[in-house]
Amino acid sequence: MRLLLVEDDDHVAGALSAVLAKHGLAVVHVRNGEEALRALLPDEAEPFAVVLLDLGLPDQDGFEVCGRIRRICTTPVIMVTARSDVRSRIHGLNLGADDYVVKPYDTGELLARIHAVSRRGATAADQPAEDGGAEEPLRLGPVTVELPTRQVSVDGAAVSLTRKEFDLLALLAQRPGVVFRREQIISEVWRTSWEGTGRTLEVHIASLRAKLRMPALIETVRGVGYRLVVPAPGTPACPGPGPSDSPRPPAS
């Protein structure tokens, strides 16, 4: 399995590449965003299974690189950074990152996340296209979820979700009112039983609530998990943020 490591510190990259190689990963190391984008362009080589992206790059911010990667390919991206605040995590996931690892990290944790996102990427790539007219949209008050086309709208306006955000919403929306245990969600959406994914789940839930502008749509069942609560008829989404209170990307 090929992995693209985007890291400007040669010492860090060398040590990490050696560890990953011992676990059977073929690591290609690049030092900045432009090199990463060039490496991801289609060629005759085996495609990368995962991109490990450091956010502190010399030529451009890692968040910007992630957004540009998403415009050219669907290769799973794991952000690796010392920025541990929830705002940074949500911003990264909104840009299309599949996971977010905070330094310092345990090597076993990082390997588990690499294998988890690579499995998800392979599963998504292998799924055949479905007949767009074979399944009725799920209507949850002002929220509409179209499973075959993976499209979501609120009050008729399209909402852009990352791959995992959509998978999470689709899971809950197909059984409204049913409480899903955290372990069950992690198993079905992330295809892993590793308990460290719990924090990633919380960030995805927070991001979904913000994007859909309906915080009460996904209810936290304390000590158990989450469930989707169908809004009463006529319930509008919350107004979007105005110019003065729009969320800004975290400082680099």
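Strand 10 and strand 12 (residues 225-228) pair in the antiparallel sense over two bridges; strands pair if DSSP finds at least two bridges between them. Helices (H or I, at least four residues) and strands (E, at least two) are DSSP runs, numbered from the N terminus. This is a predicted model, in which local features need pLDDT of at least 70 and side-chain atom pairs count only at pLDDT 80 or more, while totals for chains, interfaces and linings use all residues. Residues are numbered from 1 along each chain as its sequence is written, and side-chain values use heavy atoms, with hydrogens and water left out.

- The pairing of strand 10 and strand 12 belongs to an open sheet of three strands, whose order is 10-12-11 and whose pairing is antiparallel.
- Strand 10 (180-181) and strand 11 (218-221) stand at the edges with a single partner strand each, so one side of each has no neighbour in the sheet.
- Phe-180 has Tyr-226, in strand 12, as its bridge partner.
- Helix 6 (residues 163-173) packs on this sheet and touches strand 10, strand 11 and strand 12, where contact means heavy atoms within 4.5 Å.
- The direction of helix 6 makes about 70° with that of strand 12; axes are lines fitted to C-alpha atoms, for helices over the stretch in contact, and angles run from 0 to 180 degrees between N-to-C directions.

- UniProt, in an unreviewed entry, lists Asp-54 for "modified residue: 4-aspartylphosphate"; positions follow the numbering used here, feature names are shortened, and annotations may be inferred rather than shown by experiment.
- Asp-54 is placed in strand 3 and is buried, at a relative accessible area of 6% (buried means under 20% relative accessible area, exposed over 50%, partly exposed in between, with a 1.4 Å probe and protein chains only).
- Apart from neighbours within four places in sequence, Asp-54 is in contact with Val-6, Glu-7, Asp-8, Gly-62, Val-80 and Lys-103.
- A network of salt bridges links Asp-54 with Glu-7 and Lys-103; a salt bridge is a side-chain nitrogen of Lys or Arg within 4 Å of a carboxyl oxygen of Asp or Glu.

**Helix 3**

- The buried residues in helix 3 (residues 62-72) include Gly-62, Phe-63, Val-65, Cys-66, Gly-67 and Ile-69.
- Their cover includes helix 2 (33-39), strand 3 (50-54), strand 4 (77-81) and helix 4 (86-94).
- At the start of helix 3, a side-chain oxygen of Asp-61 comes to within 2.9 Å of the backbone nitrogen of Phe-63.

**Salt bridges**

- The structure holds 16 salt bridges.
- One of them joins the side chains of Arg-68 and Glu-34 (2.8 Å, N to O); Arg-68 lies in helix 3 and Glu-34 in helix 2, so the pair ties together parts 34 residues apart in sequence.
- Arg-68 is partly exposed, with a relative accessible area of 24%, and Glu-34 is partly exposed, with 31%.
- Another salt bridge is formed by the side chains of Arg-113 and Asp-99 (2.5 Å, N to O), linking helix 5 (residues 107-126) to strand 5 (residues 99-102) across 14 residues.
- Both Arg-113 and Asp-99 are buried.
- The side chains of Lys-211 and Glu-165 also meet in a salt bridge (2.8 Å, N to O); Lys-211 lies in helix 8 (residues 198-212) and Glu-165 in helix 6, so parts 46 residues apart in sequence are tied together.
- Glu-165 counts as buried, at 0% relative accessibility.

Note on methods
A polar contact is a pair of N or O atoms within 3.5 Å; within protein, one must be able to donate a hydrogen and the other to accept it, and residues adjacent in sequence count only if both atoms are side-chain atoms.
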